[in-house]
There are 2 protein chains.
Amino acid sequence: MELLSENRAFGGRHCRYRHRSTVNNCDMTFAVYLPPFATADNPVPVLYWLSGLTCTDENFMQKAGAMKIAAELGMAIVAPDTSPRGEGVPDDPEGAYDMGQGAGFYVNATQSPWQDHYQMYDYVTSELPALVEAELPVTGERAISGHSMGGHGALVIGLRNPNRYVSVSAFSPVANPTDCPWGQKAFSHYLGDDKSSWQAYDAAALLAEKTHYVPLLVEQGRADQFLTEQLKPKALVNAAQKSDTPLTLNMHEGYDHSYFFITSFIDEHLQFHASHLGLI
Amino acid sequence: MELLSENRAFGGRHCRYRHRSTVNNCDMTFAVYLPPFATADNPVPVLYWLSGLTCTDENFMQKAGAMKIAAELGMAIVAPDTSPRGEGVPDDPEGAYDMGQGAGFYVNATQSPWQDHYQMYDYVTSELPALVEAELPVTGERAISGHSMGGHGALVIGLRNPNRYVSVSAFSPVANPTDCPWGQKAFSHYLGDDKSSWQAYDAAALLAEKTHYVPLLVEQGRADQFLTEQLKPKALVNAAQKSDTPLTLNMHEGYDHSYFFITSFIDEHLQFHASHLGLI
C-alpha cells in the first residue's frame, strides 16, 4: 500500500493510497479520512462511501463536507474508486461516461472483455476492507453509503451482506437498475443477456425478496434530473412494503442530483451510521 | 445578469451568474450562496470570498464546506472569478498558472497588454458589489476573505477600504507580494517596473503604514508548501507591530495549502465575520 498524499483536516488525516488489487487485476487508488485520535490502540469504525458515475476516490472527500462530523463522531471514511483503471483495463470504446472506467457499477463482470478486471463487488465487499483493516487503525465495524451508481452499490452490498455492515444508506440511488437505461446498459455488458443474473445487483429486487433487518436510510431530491428515468425510488418503497422491511426514504423539495444535495444531508447520514456503530 | 445554474443547498440557493463587466471589458462569472429566507424584504449581509491561483468561482462553493454555517448565520457568500476570461482577454503566452487568466491578483493593471481587461481591484471592490446589491436580496453590509492570492486580495482590499468592509480575514495569504516570486512576477507584468506602484497592493506594506481599525483574522498552516518562499506571514506580524494594528494570526501545525485546510477552519471565519456583521 503506497501513500500518495496526506492532508491534515479537522485534526485528522485525509490520505490517498495506491495498492495492487488481486480481484481487479490492476492498481487501485482509494482515499481515507481518519479522525483525530485514531490509532492502533484506539481503532475506529469505518463508513464505506461509494461514488457515482465519472467519480474517483477524490470527489466525496473534496465536496461532501463530511469530515467535520466524522472527526467529531470518531468515524473513518473510506472512498474507493468507481472502477478499475489503467492502460490494460478495458474501457467503453466510444468513451461513454456510463460504461467502463469510472462506471464499474459495483458488480462482478462475467462477460468479455470486462471479466478480467471489473470485479468491483468483490473489491468493495472483501478485498478493500481486508486491506484497510490490516493496514489502518480501524475496527472491523462497517457501515456503507453512496450516491447514484454508488447508492445502488451501497444498497446492493449492504442488503446482500447484513453481517458485514451494521447500517446502509444512499443518496439518489439507482434503485432498480434492471428497469432503467443506466442499469440495463451496464448489466447487459458486464453480466450478459441472461437477466436472471441481474437480480443479485438490483436493490429493489433484493429488497422485495425477503424481510431485511439492516437499518436503511435513503435521501432523494425531488428536482433530481434523473429521478424518473434512472433512479425510481418508488420501486424501493414498493419492494420494502412487499417484504415488510423498514425503510426510511426522505424526499426533498427542490434538491437536485449534485453534491450540493449530498452535502446538505451528509451529517444526518453520518449520525445515522454512528448511532448503529455505537458511536453515539 | 444571466442565471447559469441554481442548486438548492442547506435550504438556501447556490447560483452562478454571468454578466458584462464594464471595468474588465468582458463577460464575468460569479457564484453566490443565498441562505434560507433571504428575500427582498429580508436582505442579508455578504461575505466576499476571493480565490487563489488557478481557481474559478466554483472551487470555494464546492470544496470549502461553508454553506451549512452560512445558512445558519443568515449570511450570503459571493465568490467572483479570479481574473477576466475569454477569447479577447490576454493570457500568459506560455500558459503559466501564476499570470494571466486565473491569476488576476486583484490589481488594476496599468501595463500592456493587460490594462484593457485586468481591472480586478475595481471589479471586486466596486462593480461586483454594486451589481450584487442591485440584483440580489442582500444589504450593503460586507465582509471579505480569501485564500492565497485571494487572501492577498482580501487583505489589500479590506485595508484600503475600511468603510466598505466590516471585517477582513485570510487563509494562507500572499502577505508580502512585493517580496516573493509570485507577487514580483505578477506585479512587474501588471503594474510595470516602478516598484512604488506596487505598494498599494502589498498587505504588509499597507499594514505597516498606519494603525488600522478593521478586525483582521489570518489562518496559516505550518506545513504549507508555499509558506517560506511565497506567503511570509511574519511580514504581516512585523507590519502590525510597527503600526500598532491588532491582528490575529493563527498558525496550525501540520496543515498544508489545500482546501482541506480551508474547510477545517472556515466555520470560525464565518463566525468571526458574522459577529462583526451583527448576525451573532
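Where in chain A is the place of A:Gly74? In this predicted model, A:Gly74 sits in the loop that runs between H2 and strand S5 (76-80) of chain A. With a relative accessibility of 18%, the glycine falls under the 20% limit and therefore counts as buried. Leaving out residues up to four places away in sequence, A:Gly74 touches A:Pro35, A:Val44, A:Pro45 and A:Leu279.

The contact involves 22 residues of chain A and 22 residues of chain B. About 1800 Å² of area is buried between chain A and chain B, and carbon and sulfur atoms give 53% of that area. Polar contacts join 14 residue pairs across the interface, with both residues at pLDDT 80 or more. On the side of chain A that touches chain B, the elements giving two or more residues are strand S1 (2-9), helix H1 (58-63), helix H2 (67-73) and helix H9 (259-276). H9(A) supplies the largest share of this side, namely five residues. By residue type, this side of chain A divides into seven nonpolar, eight polar and seven charged residues.

Two salt bridges are found across the interface of chain A and chain B. In one of them, the side chains of B:Asp267 and A:Lys68 meet with an N to O distance of 2.3 Å.

Over all chains, the whole structure holds 20 salt bridges. Among them is the pair of A:Asp179 and A:Lys232, in which the closest N and O atoms are 3.4 Å apart. This pair links distant parts of the chain, 53 residues apart: A:Asp179 lies in the loop between strand S7 (168-171) and helix H5 (181-191) of chain A, while A:Lys232 lies in the loop between helix H7 (227-231) and helix H8 (233-243) of chain A. A:Asp179 is partly exposed at 39% relative accessible area, and A:Lys232 is likewise partly exposed, at 24%.

B:Lys185 and B:Asp98 form a salt bridge whose closest N and O atoms are 2.7 Å apart. Because B:Lys185 lies in helix H5 of chain B and B:Asp98 in the loop between strand S5 (76-80) and helix H3 (120-135) of chain B, the pair ties together parts that are 87 residues apart in sequence. B:Lys185 is partly exposed, with a relative accessible area of 27%, whereas B:Asp98 is buried at 9%. In the salt bridge between B:Arg85 and B:Asp81, the closest N and O atoms are 2.6 Å apart. Here B:Arg85 is partly exposed at 26% relative accessible area, and B:Asp81 is buried at 5%. In chain A, A:Arg16, A:Asp57 and A:Glu58 are linked in a network of salt bridges.

B:Cys180 is found in the loop between strand S7 (168-171) and helix H5 (181-191) of chain B. With a relative accessible area of 1%, B:Cys180 is buried. When residues up to four places away in sequence are not counted, B:Cys180 touches B:Val174, B:Glu229, B:Gln230 and B:Lys232. The C-alpha atoms of B:Cys180 and B:Leu231 are separated by 7.6 Å, although the two residues are 51 residues apart along the chain.

Of the 12 residues of H4(A), 11 are buried, so the helix is largely enclosed by the rest of the structure. The buried residues of H4(A) include the glycines A:Gly150, A:Gly151, A:Gly153 and A:Gly158, together with A:Met149, A:His152, A:Ala154, A:Leu155, A:Val156, A:Ile157 and A:Leu159.

Notes
Residues are numbered from 1 along each chain as its sequence is written. Chains are lettered from A and ligands numbered from 1 in the order in which they are written. This is a predicted model: local features need pLDDT of at least 70, side-chain atom pairs count only at pLDDT 80 or more; totals for chains, interfaces and linings use all residues. Side-chain values use heavy atoms; hydrogens and water are left out. Contact means heavy atoms within 4.5 Å. Buried area is the accessible area (1.4 Å probe) that two parts lose on being put together, summed over both. A salt bridge is a side-chain nitrogen of Lys or Arg within 4 Å of a carboxyl oxygen of Asp or Glu. A polar contact is a pair of N or O atoms within 3.5 Å; within protein, one must be able to donate a hydrogen and the other to accept it, and residues adjacent in sequence count only if both atoms are side-chain atoms. Helices (H or I, at least four residues) and strands (E, at least two) are DSSP runs, numbered from the N terminus. Ala, Val, Leu, Ile, Met, Phe, Trp, Tyr, Cys and Pro count as nonpolar, Asp, Glu, Lys and Arg as charged, and the others, Gly among them, as polar. Buried means under 20% relative accessible area, exposed over 50%, partly exposed in between (1.4 Å probe, protein chains only).
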